[in-house]
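User: I am new to this structure and would like to learn how to read it step by step. Could you take me through a few of its features?

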Amino acid sequence: YSWKHVHQYGGGFKLGSGNWEFGGTVHFVNATQAVGVIYKDLGSNVSKGMNWTVGYGYTFGPYKASLNVLQSRSKDFEIVDHRDIFTQYHFALVYEPFRGIQFFGEAGYIRAKSARDEAGRSNKSPFLVLGTQVSF
């Protein structure tokens, strides 16, 4: 089997007015069951499914804030009529006191639900990321 049996389509948009931005994306992946099972065994994430994102952003002075949601739903090729579902809620804040220096913080919640009931296949957790970016 080859990658020519895997089709992916997607698109997105971004609208803005003043300090506000709103955007989103949607992507579809279509693979045959035979291709999905083979590449899944090799560790590749090839499936039949879709994912979408939607988010808002606001800029005020040296600050930028955003709130986003992402969800991915993909067919589990080994369990009929069940899907693996990944959902992420994400808030980010960036402070740029000077050109080339940014401080950022990100917080959110991730939930990964497997179509399989085996222990360790599903997970959920909050997350927090803090950092600095220096650009020259």
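**A guided reading**

Analyst: Gln102 is buried, with a relative accessible area of 18%, where buried means under 20%, exposed over 50% and partly exposed in between, using a 1.4 Å probe and protein chains only. The model is predicted, so local features need pLDDT of at least 70 and side-chain atom pairs count only at pLDDT 80 or more, while totals for chains, interfaces and linings use all residues. Residues are numbered from 1 along each chain as its sequence is written, and side-chain values use heavy atoms, with hydrogens and water left out.

User: Which residues does Gln102 touch, not counting residues up to four places away in sequence?

Analyst: A contact means heavy atoms within 4.5 Å. With that rule, Gln102 touches Val94, Tyr95, Glu96, Gly131, Thr132 and Gln133. The side chains of Gln102 and Glu96 are also joined by a polar contact of 3.4 Å; such a contact is a pair of N or O atoms within 3.5 Å, and within protein one must be able to donate a hydrogen and the other to accept it, with residues adjacent in sequence counting only if both atoms are side-chain atoms.

User: How many helices and strands does the protein chain have?

Analyst: Helices (H or I, at least four residues) and strands (E, at least two) are DSSP runs, numbered from the N terminus. The protein chain has 1 helix and 7 strands, following the pattern β-β-α-β-β-β-β-β along the sequence. Gln102 belongs to strand 6, residues 101–113.

User: Why does strand 1 lie largely in the open?

Analyst: Strand 1 spans residues 6–17, and it lies largely in the open because the number buried is 1 of its 12 residues. In the protein chain as a whole, 21% of the 136 residues count as buried.

User: With which strand does strand 1 pair, and in what sense?

Analyst: Two strands pair if DSSP finds at least two bridges between them. Strand 1 pairs with strand 2 in the antiparallel sense, over 12 bridges, and Gly12 has Thr25 in strand 2 as its bridge partner. The hairpin of these strands has 2 residues between them, and there Gly18 takes a positive phi near 65°.

User: How does one read contacts along the sequence?

Analyst: One can look at how far apart the touching residues are in sequence. Of the contacts in the protein chain with a separation of 6 or more, 45% come from residues 24 or more positions apart.
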